[in-house]
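Please have the sequence and the coordinates open while reading.

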Amino acid sequence: MTGRRAPGAVGGDVAVVAVGNTLQGTLPGISADELAVEALRVTLADAGIDKSRVDGLITCKSYGGYGIDTEIGRLAGLNPAYSATLDYGTCNFSLHLAVAVVRAGLARCVAIVYGTNQRSAGNRFTLPLGRQDDASVNGFLNVAGVAGMAFRRHQALYGTTEADLAEIAVSQRRYAADNPLAIFRDPLSVEDYLASDYLVEPLRRSDLCMISDGGACLIVADAATAAELTDRPVHVLGIAQQTGLRDRQNADQWMRPWIGQVADRIYPAAGVERSDVDALYIQDPTSVWVMQMLEWYGFVEPGGVGEAFRSGAIGYGGRLPLNTNGGQLSEAYMWGFLHLCEMVRQLRGEAGARQLEGLRTAQYCSTFGMMKAASTIFSVDPALVVDAA
């Protein structure tokens with residue numbers, strides 16, 4: 001590719017060089033910051049990287065006020081050239097900041113760390129979501145409320161059934177059965193799903209993530225540093241974001257139509273077509289968000305999610321694998337960081353019993369509730385990196 005790059009094009013200038021995580025579940029007696037530092041330690045050790053190579057630190061503020069870069073840097077014994085904390089730094093948002101930092105030359109090797117003790121601390125995620133002036137009055141104190149409303153809207157528009165929605169949780173549970181890190185590994189069928197009680201009608205337990213303790217880490221670097229640190233870099237080809245900050249001023253806000261603007265930009269940014277994506281990862285605090293993103297990114301026709309899974313177009317054993325770790329619905333709720341860990345391991349051929357064959361390119365999609373959306377496309381194919389650059 002010659003001339004000016006498309007907005008969001010990275011072209012392999014930045015690569016993931018290492019990923020790592022702690023155990024997940026209930027880990028009493030360990031603070032969120034300690035879990036974040038442990039994830040960093042594990043990641044550096046597994047990759048054989050000395051912490052002196054880390055000159056950038058990006059952290060994510062978790063519930064309870066943990067996750068501040070100054071404290072994590074102190075605990076980890078780091079004096080990086082650059083550090084920052086994102087108030088909602090989940091997955092893509094932290095990664096995109098790291099990409100920007102590396103490309104700006106503020107740091108060459110950035111550790112992105114996250115830790116949470118939300119389960120053992122008893123956090124019930126009852127903060128208002130959306131507009132603060134009416135969220136509490138309307139009962140939107142958890143993602144279940146807004147997701148339930150979004151699914152009702154989808155049913156009204158397309159006739160989507162609860163059995164259609166069930167396919168998402170069922171597919172991800174099948175992947176989780178081979179994931180020793182997953183909290184939920186018991187078999188789940190559509191019939192099991194439909195026979196279970198509502199948690200927040202029309203959603204069931206299987207439609208919502210499980211609160212968990214744990215830590216995760218990604219280390220990203222510029223291309224030259226990445227080549228020094230690993231012979232298996234996972235290159236970032238392109239990034240895109242979009243906000244929906246106007247909230248109820250947006251037409252049909254329950255459907256989050258602004259996600260479509262990310263979809264319009266991400267493939268030109270990465271220099272690939274949608275059909276080039278070999279594996280797809282979608283942050284899933286709820287199955288409804290998976291359904292919406294499958295549609296907005298063009299992998300499924302509106303209203304066609306159930307048939308896409310039943311036909312084998314998407315999901316377990318399908319042509320397009322989705323959330324091969326089991327996602328947040330079955331693995332653990334880590335604000336999407338474990339999706340990125342899984343994706344890197346799959347692209348490197350390190351996913352064990354879950355390993356898929358022939359993967360070159362993967363896409364990760366995420367959202368921040370009703371307010372933001374982001375996506376990243378990665379590849380281990382040198383030809384794509386050269387072409388994108």
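A residue is called buried when its relative accessible area is under 20%, exposed when that area is over 50%, and partly exposed in between, with a 1.4 Å probe and protein chains only. The model is a predicted one, in which local features need pLDDT of at least 70 and side-chain atom pairs count only at pLDDT 80 or more, while totals for chains, interfaces and linings use all residues. Residues are numbered from 1 along each chain as its sequence is written, and side-chain values use heavy atoms, with hydrogens and water left out.

The structure contains 18 salt bridges, each being a side-chain nitrogen of Lys or Arg within 4 Å of a carboxyl oxygen of Asp or Glu. One of them pairs Glu-162 with Arg-204, whose closest N and O atoms are 2.8 Å apart. This pair links distant parts of the chain, since Glu-162 belongs to helix 5 (residues 162-176) and Arg-204 to strand 6 (residues 203-204), 42 residues apart; helices (H or I, at least four residues) and strands (E, at least two) are DSSP runs numbered from the N terminus. Both Glu-162 and Arg-204 are buried.

Helix 5 also takes part in a second pair, in which Glu-167 meets Arg-310 of helix 10 (residues 305-310), so that parts 143 residues apart in sequence are tied together. The closest N and O atoms of Arg-310 and Glu-167 are 3.7 Å apart. Glu-167 counts as buried at 14% relative accessibility, whereas Arg-310 is partly exposed at 46%.

Arg-310 forms a salt bridge with Glu-307 as well, at 3.9 Å between the closest N and O atoms. Because Glu-307 and Arg-310 are three residues apart in helix 10, about one helical turn separates them. Through shared partners, salt bridges join Asp-164, Glu-167, Glu-307 and Arg-310 into one network.
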